[in-house]
Amino acid sequence: MNALTLTLGTIGALITVVCWASMITGAARIVRTIRLGQPAPDRWRPFFPRFKQMLVEFLAHTRMNKFRTVGWAHWLVMIGFLAGMQFWFEAYGQTFKPEWAWPFIGDQAWFHLGDELLGIATIVGILALIVIRQLNHPRVPARLSRFSGSRFLPAYVIEAIVLSEGIGMVLVKAGVLALEREQGHHYSKWTDFLSGPISELLPANTNMVSVFAFVKLISGAMFLLLVGRNLTWGVAWHRFAAFPNIYFKREGDGTVALGAAKPMMSGGKPVDMESALEDDAEDTVFGAGKFEDFSWKGILDFTTCTECGRCQSQCPAWNTGKPLSPKLLIMSLRDHGYAKAPYLLNSDESAKAESERPLVGGVEANGVIDPEVLWSCTTCGACVEQCPVDIEHVDHIIDMRRYQVLIESDFPSELAGLFKNLENKGNPWGQNAKDRLNWISELDFDVPVFGKAAPNGQSIATFEGYEYLFWVGCAGAYEDRAKKTTKAVAELLATAGVKFMVLGQDETCTGDSARRAGNEFLFQQLAQQNIETLNSVFEGVEQRKRKIVVTCAHCFNALNNEYPQVGGTYEVVHHTQLLNRLVRAKQLVPVAGVSQDVTYHDPCYLGRHNKIYNAPRELMAASGSTLVEMPRHGERSMCCGAGGARMWMEEQLGKRINIDRVDEALDTLGGGNSPSKIATGCPFCRVMLTDGVTARKDGGEVGQGVEVVDVAQLMLDAVTRVEPAELTRNLTVVQTPKPEAEPAKPAPSTPETPQAPEPAKPAAAGGGLAMKGMAKAPGAPKPGGLGLKGAAKAPGAKAPGKPADPEPAADTPAAPAKGLAMKGLAKAPGAKAPGKPAEPQPDAADTPATKPAKGLAMKGLAKAPGAKAPAEPTPPQAESNGEPPAETPPAEAPTDTGAPATDTPAPPQSKPGGLGFKSGAKAPGRKNP
């Protein structure tokens, strides 16, 4: 130890004290900022599966290796950074005394080998990453670079520090070996194979080694100082935040945050819209309208983003000229949150202006996220699939959409029509429910319909004897191209002898588009209604036999992954899965092959969201198709552009996504002018791809010989067609008739004085998803919700019978309709028509009036979505003369209620405020005043 080494060692120690203080205070500020978010108690357990997944992703680099060159280079840098920290701490001693080493292990051969390998790995890895960054630099053209929009100064600083650390490890070790050479020790060619030869080029100088150690120490200290002062340097902070972010991912089994959308959460609990709107829930958070509305895991997501741009490189919106980049969206939320945090934490007035910025707003509103960015997302999940640190982009986008729809009523105008059709008709097209069965009339054989008569004349009242409920879906029932898929699947199942039935007009949209457009209210309304219908079909059927087959990837995802969130659990299979099983079981035997080239488009909600890649391809192979894969297929498949409710919105910016995908398919098929096919397994994809092919055919250059088909159609062309009569027999099920109840014996005649009939109990209003006050459903034109006047009816329901003539009640004020009140005999979308009004009963004198139900308070006998239909009318009890009561003719309406108007209890007054929101909030769908 001399004056120089003592000086360098002292200066290095003092500098690092300041740097460590910067790092520690910076980390504390990050923790405090993350804690501003909403609770997320479901992220902590189960411990062992989560911890195991974190170790697997860390050690095996399973996510990073999706980009192979980057994968191994990043792994080398990561190991060099983490394991090499011990050699950085060793520099403290080496600055004072170059020969200093860790006690006990410093002279071990394995320790010397580790030092050598880590130094080399760090240098090689960071040089590879530097080259990759430069090769992908957003110079020209910027859109093709995944680093477009990333900040390069932090990246260059971190790369320089890492490179200097790697070089420092090698040079310090080589200098120490040079000193040992003077003492008669020779390096080992096994543990010092690089630093040993370098040591022979260096002089044996103590001061030189101390300088090397000092530079190594200071470069690491600069990392601590700069990172601690810059909390938004994700390229640095992800080294620490990635571990908890992977551990706290949404799915406890380690899978990525795809499939079901995250339930709308408030206070760490899922929001049940019915309960939230019935209660005066002023503190309920409906989506994300402010930075602090995100959960703490969401803020951790923003903090962890390393700006690598993998999500951006795979995003269909970004690749077709839209303003959305998942990376830039997360960066914007991160920068805004950390700029706003001082005001939230310490009431720092310097951050007040940032805190007042709206989360979503245009340039004139100085919003953090532009509306065009928010609504460009197709929710395809490519960003989530590719993110190496498990950021949940789609969940955050849906949360922001929820706030815009439910609170701000600010959404693209096209969605207003979608919401209205779903509310009023139960399907996005606004078609009548009775038309859901039109596709059956186009078949040559009979398809069993629940609640209808079977070909054998027996009414199908139960699921007994059937294997599957065929969920046709809105597209499969109404869209002409999708109906071809429906008919093909029905014929294939009948050919294989699979007993199935359909719901017909009792089926309603699953609500997938509504949920991904942010209308959680409408989704829950539709889901509860469908669950009630399905449970009535499966009544008495054990859980493992409640099987549903679907042709729509979006219906499949909703029924399989999202309905369990609201109480509906079934075994759901996609038609490609079921048909593939039938082929394997030899129930479907292809006899002819498709003699054309076929390329397959992976639907996002079948592939990425549900990991179903093999079944469609195996089915195509069985049909004899020659599969030619597109460059982007499997988990990297390009979206068709229909997801995230984009099916119902126009593309005003950039190239149309479906055109981009069709161009890729046509290139794969050599231009598509010779006979060839594009196959898919989703009706949304089929519509988008067909429109794209038509557009290219109209250009007259390419695609003239291309046809877009479903995989089921390929299989139908490959099997021997069966006679219609046999198909009908294959689907016919003989059900055991239910035993009729024995008639009650008449009571002995006892003369007694007949009592005047008391007024019937007022019918309880439906307990739907209540909106208090004058709130309305998103997209509805004016308060009053689904105000179907008079005898209006819901889609598919039979027209209500002629209403009974009411008694004059001029002095009785009409109870104000609450929520989405439906007047008269109107009913909820897709619900069954209400029964006749109940007639007065004589024994109701002591019966208290039913408490008016909250929710979608529908007057009269209408019912809320998902609620059970009103009971059948009860005829007045006959006088006790020993004879059974006479039947009431079904067409007759009661002529006298016997209820004075003044005795009708007034319903409780509703509170103003739309959805029960705070000060000035408005109902969904209504424009700001």
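Does Glu292 count as buried or exposed, and what is its relative accessibility? In this predicted model, Glu292 has a relative accessibility of 18%, and because buried means under 20%, Glu292 counts as buried.

**Glu292 and its surroundings**

Glu292 lies in the loop between helix α10 (273–278) and helix α11 (296–304). Leaving out residues up to four places away in sequence, Glu292 touches Leu36, Gly37, Gln38, Lys340 and Leu344, and with one of these, Lys340, there is also a polar contact from side chain to side chain, at 3.0 Å.

In soluble globular proteins, nonpolar side chains tend to be buried together. The largest nonpolar core of this model holds 180 residues, and Met400 and Ile548 are the ones with the most contacts inside it. Helix α8, which covers residues 206–229, gives the most to this core, with 8 residues. When neighbours within four places in sequence are set aside, the residues in contact with Met400 include Ala288, Phe294, Leu329 and Leu333, and Leu359, Val360, Ile369 and Leu374 are also among them.

Strands of a sheet pair through backbone hydrogen bonds, either parallel or antiparallel. Here, 4 strands form an open sheet in the order β8-β7-β9-β10, and the pairing is parallel. The edge strands are β8 and β10, each of which pairs on one side only. Strand β7 is joined to β8 by 2 bridges, and Val598 stands opposite Leu627 in β8. Helix α30, residues 711–718, packs on this sheet and touches β7, β9 and β10, while its direction makes about 95 degrees with that of β10.

Leu716 has its place in helix α30, and it counts as buried because its relative accessibility is 10%, where the cut-off for buried is under 20%. Not counting residues up to four places away in sequence, Leu716 touches Ala488, Glu491, Leu492 and Arg721. Leu716 and Pro590 are 126 residues apart along the chain, yet their C-alpha atoms are separated by 8.5 Å.

**Confidence in the model**

The average pLDDT of the protein is 82, and 79% of the residues score at least 70. Over residues 749–929, however, the pLDDT is below 50, although this stretch has 332 contacts in the model beyond near neighbours in sequence.

Note on methods:
Residues are numbered from 1 along each chain as its sequence is written. This is a predicted model: local features need pLDDT of at least 70, side-chain atom pairs count only at pLDDT 80 or more; totals for chains, interfaces and linings use all residues. Side-chain values use heavy atoms; hydrogens and water are left out. A nonpolar core is a set of buried Ala, Val, Leu, Ile, Met, Phe, Trp, Tyr and Cys residues joined through side-chain atoms within 4.5 Å. Buried means under 20% relative accessible area, exposed over 50%, partly exposed in between (1.4 Å probe, protein chains only). Contact means heavy atoms within 4.5 Å. Two strands pair if DSSP finds at least two bridges between them. Axes are lines fitted to C-alpha atoms, for helices over the stretch in contact, and angles run from 0 to 180 degrees between N-to-C directions. A polar contact is a pair of N or O atoms within 3.5 Å; within protein, one must be able to donate a hydrogen and the other to accept it, and residues adjacent in sequence count only if both atoms are side-chain atoms. pLDDT is the predictor's confidence in each residue, from 0 to 100.
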